[in-house]
Every structure is written in C-alpha cells, then in structure tokens.
Amino acid sequence: MTTTLSGYGVSVGVPKGWDARITKLDPVDPLSQAARRANPRIDVEVTRPFLHMANLPLPKERDSFGGGVIERMNAEHVLVALIEYSAECMNTALFAKEGIPRSLTARSFDRRALQRIVPGQAGSQTFCHEAGRPFCLYVVVGSHVRAGSMVHQVNRVLRSLSISAAGGAG
Amino acid sequence: MVLLCPNYKGSGGTFDAVTMITILLLTLCIVLLVIAAIFVTALTASSGDLEQRLAMLEDQGATTTPLTLSPRSGAVATGVGGAAGRLAHDLLGATIAGDPVALAVTDVDHHTLLAFLSSGCSSCGRFWARLAEGDLPDLGDDTRLVVLTKDAADESMTALAPLIGDLDVVLSTKAWVDYEVPGTPFFIFVDGRDGVVRGEGTALGWDEVRNLVALGRGDASIVTGVSTASMKPASDAERESIVDRVLMDAGIFPGDPSLYPGGEPPDLAKPV
C-alpha cells in the first residue's frame, strides 16, 4: 500500500519504506516579499517547490539537487528529485521536451549526469515541461552497475506522479 | 466361612477361637484398608477440584480486573511505561511552513523514536529547549528521531513557531490518531524492520527516553553509565508502565502538581 503525498500542484505515490518531501524554500530576500505584498506589481524573487523521494531518510536540510542526501546513499539507495523552474524558462529550448518521463531504463543513467560526482553513483537528468510548468527530473542511483535492477522502483514512482497547472509559485 | 474354617467343628475349642480372632482381625484390617483407600481417593479428588477452582478463580481474576490499563488493542506492556507489539504506521504530515512530508517508519532498516510534543504542555518545555539547543539524545546511529505535533488546525502556531525554530518537526494529527497518543510528552520507539512498536511511554527528560529506547532495543549499552545489571528488572518496568497508564488515563501527566509532595514540580530550568 502506498501513501499519496500532495502539495504545490504535485501529487505522487510514496512506496513503502520511502521518504518524500515537497519543499519550497523561503525567498532569499524577505524584504522584497514585504514590498510585493504592498505592491503586487513589484517584480521580486519567486521560489518554486522541489520534490524529493528516496528509499533512505530525507533530512530537513537538502539542496534541490540532493545535496545532504546523496552523501549518505549506499549502493541500494535511489533518489528521485523533481525541481520546478520559474515560468520564464517555459519558452526556452532546454525545457522544450513535453511531459515528465514516466519510464527510465538503465541506459538513462550516466556517471557524468551527476550534479556532484560521487564514486559509484550514476544520475539521469531530463529537462521538460508539464501542465505549463518547467521541471528538471533528476534521479540518482547508488550504484551505476545495479541501475538496471533499481530502475523499476524509480518507474513505479514516476508512473504515480501527477502534475496540475496550479503550481507552487510564491 | 465353612471353606475358610474347615476344622471349625472337629478341632479343639482354643484353636478355633484363635482362628476366629485371626480371621476377625484380618477382616478388620481389610475393612480399614478399604476405608483408608476410599479416604485417600476422596482427598485426591477434592484436592484436584480445589486446584481446578483456584485456576478458574485466577482466570476470572485476569479477565474481570476493574482497571482499564490500556485502551490499545493487542498491546503488551514492556519497557519504561511502554506498550509494545502493535503495528506501527508511516507518517504523513507537513512542516510548519506547510511543506508536505511523508516519512517511512516501517519497512526500513533503521529504528525510529517518535517524540510527540505540544506547545501547551509545561513538561514539553524542557524537551523543546534542549532540542532548540541542538542537544539531541544519543540514540545510536540506527535510530532516527522524529518530533511530531498536531496539525496547524489543532495547535497554536503562534506558540509553536518560536519553539520549533529550525527544528525538523512534522505536524500530523493523523499520527496522533494512528498511534493513539494519550497526551504529551509521549515517546514511541518503533522497530523499522518488523514495523512494530517496541516501547512507549512518557518521560521528563532524555535519560528516561534513552531508557525507553534501550529497553525497546533490548540493549542497555546506549544508556550512558548504566549497565544491564543495574537497570530495572522487567517486573519493575512493567509495574511502572501500568502506573503510568493509569495516571494518564486519569489525565495526570508528567509535571502534574499532584505528583509532587509540595505540589511543586521539579525546577524545569535544571538540566536533567
């Protein structure tokens, strides 16, 4: 039985034994937020949520691309990260691909695709958009050699993923 | 009788009298033996019946005790104020910022200590203070500490925010319902591999929490300076557990003035 985690227009099934967190960081400059409340036309920093799911405990403090988690991964561990980008990215070539992948293969993973190189690990990065929102799907497996046997866990999570147009900007 | 005394008529009178007396004595002995046998049989049967009745009384005593010690189904009292053996639940809630969180407690290779705290309970104050100072209990590398409060709708966010600070706290009324938490502070130790509660109870300080964890793990080594030999025997811990439950069922939690001779709880500012 899986639990469903929802927030900021993202919904996902959490497999047994997995942690999941949808996090939206506070804007770096709180003064700009106060200014925007006074005048909504003021252009200020907008933060977007990111989703982390992993078959190991997720700490509160994490970087969007898994810093704080990947250092603690062993060969059995998997991290799935879905990072939303700001709306301006929608019309760029990087995010032109439509739809977040719902199925990866062992070939999707490459050691060079890691944002931070950790020996033994491999990553997969897909920049795309869905429901009018630009995303990067970043997946890290603890062992490149065993990616084939771990990818089914990732695909199970991806198939349960649902994105709505109501995002988490703010 | 004729067969037994073939010489009754033809033999001398003295011999016949002796024979008769012997026969009478023998008969008397046999009668006495029979009576004794009957008496012993009756006594044995009575003793068996008595044992049976005692056993029945004991059974009745166990099922009709007037104390409702634990409302938790299938719970077995163990550890420091703990009920164990029931199934654990994974956690679903949110951070104080409203970010959704799902934490695995079962089907994992680590243990989890769930600390149920609230903003309104005075006994939670020392835990909040110690947590805010980063003074976490040394529970061992394989045990994860998760601090839980009720949802924003059931908690005072104004009071909670300064207590939480940068702490990783999960707001989840669902967890309180799932784990049937009777009040705060309350601690539950879960074995992630089996997915069952290994111990639970209330506490006034980290030392007691560490005891709970140690007993739940069956490992005294994490209780600093306390060897297995000097720990409470299981019967003492069980008695303590029963007393804790009775008190909590009556609405009396740690720090309640009625628990102290002068009606004054110990100084919460002092480190435990």
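Biologist: Where does Tyr8(A) lie?
Modeller: Tyr8(A) is in the loop between β1 and β2 (10-14) of chain A. This is a predicted model. Phi of Tyr8(A) is near 55°, a positive value in a residue other than glycine.

Biologist: Is Tyr8(A) buried or exposed?
Modeller: Tyr8(A) counts as buried, because it has 24 C-beta neighbours inside 10 Å and the cut-off for buried is 20 or more.

Biologist: Changing topic: how many residues of chain A are in contact with chain B?
Modeller: 16 residues of chain A, in contact with 14 residues of chain B. On the chain A side, the elements giving two or more residues are β1 (3-7) and β3 (19-24).

Biologist: Which element gives the most?
Modeller: β3(A), with six residues. By type, the chain A side has six nonpolar, five polar and five charged residues.

Biologist: What does β3(A) pair with?
Modeller: Strand β4 (residues 100-103) of chain B, in the antiparallel sense, over two bridges. Arg21(A) has Val101(B) as its bridge partner in β4(B).

Biologist: Last one: which peptide bond is cis?
Modeller: The bond from Thr184(B) to Pro185(B) is cis, with omega near -5°. Pro185(B) is in the loop between α4 (173-178) and β8 (186-191) of chain B.

Methods:
Residues are numbered from 1 along each chain as its sequence is written. Chains are lettered from A and ligands numbered from 1 in the order in which they are written. This is a predicted model: local features need pLDDT of at least 70, side-chain atom pairs count only at pLDDT 80 or more; totals for chains, interfaces and linings use all residues. Two residues are in contact if their C-beta atoms, placed from the backbone, lie within 7 Å. Helices (H or I, at least four residues) and strands (E, at least two) are DSSP runs, numbered from the N terminus. Ala, Val, Leu, Ile, Met, Phe, Trp, Tyr, Cys and Pro count as nonpolar, Asp, Glu, Lys and Arg as charged, and the others, Gly among them, as polar. Two strands pair if DSSP finds at least two bridges between them. A residue is buried if 20 or more other C-beta atoms lie within 10 Å of its own, exposed if 12 or fewer, and partly exposed in between; C-beta atoms are placed from the backbone.
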